[in-house]
Amino acid sequence: MAGFQPSVIYQDPKAAMRWLQDAFGLEVVIYIEDAAGGFVHCQMRLGEALISVGEEWAEEFKSPLQLGGKNTQLTSITLDGDVDAHCERARAAGAVIVAEPETQFYGDRTYRCRDLEGHHWSVSQSVEDVSREQALDRVPGLKITGWV
Amino acid sequence: MVSPFTPCVFYRDPMAALRWLEAAFGFETSLLVTDDSGRVGHAEMSFGEGRIGVGEEWGAEGLLGPAKMRSPASLDCVGTQFIRVALERGIDDHCAKAEAAGARITQRPADQFYGARVYRALDLEGHVWCFDQPIEDLSLADMEKASGLTITERLPA
């Protein structure tokens, strides 16, 4: 299956795995360590989709902890279920809620948070089918190509 | 299956990035939202069943709250995430095409112990992309034997 899999970099990937399990309900699919018990690689899943949790394994990767909280990418999660309940679970696990759940003009209800090392996540649930015309009515001045 | 995970990648020049990602990696722009001045508010690209978001540094500040989204080009070529891209076939040709379009290949296509052939490349602003193509279905025991690593399906104690 062709597709994209985000790989998120942490200083302490073992702690991150536990946090992502508690906060977002992700499950460990594969965990790899070396002979000394050191972390090598981990994949976690939501439904059938995978995400990788990694450490700072090459010079081109750093946790936001080392970059004053800056991120070069963020991961968006689309839920089947209740985004408000997901937000409360994340908050209880220590997520910093940057934007509380709010319904957006394009029909998603979304909240945004920071995780234990400062990675940003955007979590959404589709609550309304919005056409291109409706979206343009709601936000005048936008130009939209390819809305289906 | 459409993945619930959509990586969103930030660039200094997202319009140039969309063109480059189409030419180098074969992704397709599937959604482009621009404002009155032609700036990219939001863009999406697709590749097979996969989807990514492409945005501008700080460009989506209103949507993101106080986040600081920066391109690796603004951070000494360092990134906080990278993206694995699954290919069904043709990984060596894919690498050659990417390199011809200006990708910096940081790891040439090579077979890995976990039964995939993998190459790694930097895009025009330094984001890391890791392409992999399955070559062999291996059991966890096979992978452990080939690598000397310990491989489990649960959290470590």
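In what order do the elements of chain B run from the N terminus on? In this predicted model, the elements of chain B follow the order β-α-β-β-β-α-β-β-α-β-β-β-α-β. Counted by type, that gives four helices and 10 strands for chain B. Chain A has three helices and 10 strands, and its pattern along the sequence reads β-α-β-β-β-β-β-α-β-β-β-α-β.

The overall dimensions come next. Along its principal axes, the C-alpha trace of chain B spans about 60 × 40 × 35 Å. For chain A, the C-alpha atoms fill a box of roughly 60 × 35 × 30 Å along the principal axes.

Chain B has 157 residues, and 50% of them are buried. In chain A, 51% of the 148 residues count as buried. Chain A exposes about 6400 Å², and here carbon and sulfur atoms supply 47%.

Contacts show how parts of the sequence meet in the fold. Among the contacts of chain B with a separation of 6 or more, 51% involve residues 24 or more positions apart. In chain A, 49% of the contacts between residues at least 6 apart in sequence join residues at least 24 apart.

Chain B carries 15 positive and 24 negative charges, whose mean positions are 4 Å apart. Chain A has 13 positive and 23 negative side chains, and the centres of these two sets lie 4 Å apart.

Key:
Residues numbered from 1 in each chain as written. Chains lettered and ligands numbered in written order. Predicted model: local features only at pLDDT ≥ 70, side-chain atom pairs only at ≥ 80, totals over all residues. Heavy atoms only, no water. Helix = DSSP H or I, 4+ residues; strand = E, 2+ residues; numbered from the N terminus. Buried < 20%, exposed > 50% of the residue type's maximum accessible area, 1.4 Å probe, protein only. Contact = heavy atoms within 4.5 Å. Lys, Arg positive; Asp, Glu negative; His and termini not counted. Charge placed at Lys NZ, Arg CZ, Asp CG, Glu CD. Areas by Shrake-Rupley, 256 points an atom, 1.4 Å probe, with all protein chains shown as cover.
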